[in-house]
Amino acid sequence: MSRTVYVNGEYLPEGEATVSIFDRGFLMADGVYEVTSVLDGKLIDFDGHAVRLERSLVELDMACPIEMDALLEVFHELVRLNGINEGMVYLQITRGSAGDRDFIFPDPEKVPSTIVMFTQDVPDLANSALSKRGTKIISVEDIRWARRDIKTVQLLYPAMAKMMAKKAGCDDAWMVEDGHVTEGTSNNAYIVKGGKIITRQLSNDILHGITRAAVLRFAAEAQMVVEERSFSIEEAQGADEAFTTSASAFVMPVVEIDGVQMGDGKPGRVAMRLREIYLDESRKSAV
Ligand code: PLP
């Protein structure tokens, strides 16, 4: 079935939605994005994603083409028009098209940003088979740029890393820099040792995950101990558990790292408990 998508103020059938070939998102990856999950037809962590979107735009000196209240209405309208009960809403804002290719940013007064949004229907998002089996990951060197805190559409290297994982018969990759794990290709990385949840501290080296923030808050509320520090692949392989968090996969257990099985090879207890708490609590605050 054809989706209805949103492009620059219009709701259109996906086959009729177009963006200029001169759009800077297309030519230069000059754009930012957000992925927001939908459960029970409602948006999960919307405020967090909206705040991070504004921050990404400010960091790149890019104009926001829509007010946040209006943006929430578009999210709701797309979810309604496409009948999404469980799934995702993808949003991308680029610096628009000045009608030619030029490295210099166009004047935002003259060239409006492009905004594109579409839904993805994922009926088993909360109950995914992968969350029951757990993921197998490989490690790869982190060769991305130094502003990973900005959620840009420059996703070529994460896509290449996912392909390396796929070729190795695995599900995903953790990226490593100076001997320490930065994050997953599209998620934040965690280990559990002696009941303690360990995840890398926030900096420009990683994306400040919205799910990460919520999960750490829920973990603290549940009296779990959280330590924000970096860790190596060797430390992760020797840990009791490992998992990742992201808006599209919530809390996802990791059962193998570079061929080394974690524990008994089944999703860990802490990861599954956190997944349950996250899903329960975020459903309650969904909008
Ligand atoms: N790290 C990277 C590199 C990501 O691409 C993502 C999500 O796409 C995350 C972490 C998790 O962020 P969030 O929980 O906001 O989805």
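**Figure 1. Polar contacts of arginine 24 in the predicted model.** The side chain of arginine 24 has a polar atom lying 2.7 Å from the backbone oxygen of aspartate 102. This close-up, like the others below, is taken from a predicted model. A further polar contact, of 2.7 Å, links the side chain of arginine 24 to the side chain of aspartate 30. Arginine 24 belongs to helix α1, which covers residues 24-28. Its relative accessibility is 7%, so arginine 24 counts as buried, the limit being under 20%. When neighbours within four places in sequence are left aside, the residues in contact with arginine 24 are Ala29, Asp30, Arg95, Gly96, Asp102, Phe103, Ile104, Phe105 and Pro106.

**Figure 2. The crossing of helices α2 and α3.** Helix α2 consists of residues 46-59 and helix α3 of residues 68-81; their axes come within 11 Å and cross at roughly 125°. The two helices are therefore oblique to each other. Their crossing is right-handed. On the α2 side, the contact is made by Phe46, Ala50, Leu53 and Glu54, and on the α3 side by Met68, Leu71, Leu72 and Phe75. Of these contact residues, seven are nonpolar, one is charged and none is polar.

**Figure 3. Threonine 152 in its loop.** Threonine 152 is found in the loop between β7 (135-141) and α5 (156-167). With a relative accessible area of 7%, threonine 152 is buried. The side chains of threonine 152 and glutamine 154 are joined by a polar contact of 3.0 Å. Not counting residues up to four places away in sequence, threonine 152 touches Gly31, Val32, Tyr33, Leu60 and Trp145. Threonine 152 and tyrosine 6 are 146 residues apart along the chain, and their C-alpha atoms are separated by 19 Å.

**Figure 4. Aspartate 45 and its positive phi.** Most residues other than glycine have a negative phi. Aspartate 45 is not a glycine, yet has a positive phi of about 55°. Aspartate 45 is placed in the loop between β4 (42-43) and α2. The relative accessible area of aspartate 45 is 18%, which is under the 20% limit, and the residue is therefore buried.

**Figure 5. Glutamine 223 and its positive phi.** Glutamine 223, although not a glycine, has a positive phi of about 65°. The loop between α6 (210-221) and β12 (225-228) contains glutamine 223. Is this residue buried or exposed? Glutamine 223 has a relative accessibility of 68%, which is over 50%, and therefore counts as exposed.

Definitions and conventions:
Residues numbered from 1 in each chain as written. Predicted model: local features only at pLDDT ≥ 70, side-chain atom pairs only at ≥ 80, totals over all residues. Heavy atoms only, no water. Axes fitted to C-alpha atoms, helices over the stretch in contact; angles between N-to-C directions. Helix = DSSP H or I, 4+ residues; strand = E, 2+ residues; numbered from the N terminus. Parallel < 35°, antiparallel > 145°, perpendicular 65-115°, else oblique. Left-handed = near helix turned anticlockwise from the far one by under 90°. Contact = heavy atoms within 4.5 Å. Nonpolar A, V, L, I, M, F, W, Y, C, P; charged D, E, K, R; others polar. Buried < 20%, exposed > 50% of the residue type's maximum accessible area, 1.4 Å probe, protein only. Polar contact = N/O pair within 3.5 Å; in protein donor to acceptor, adjacent residues only side chain to side chain.
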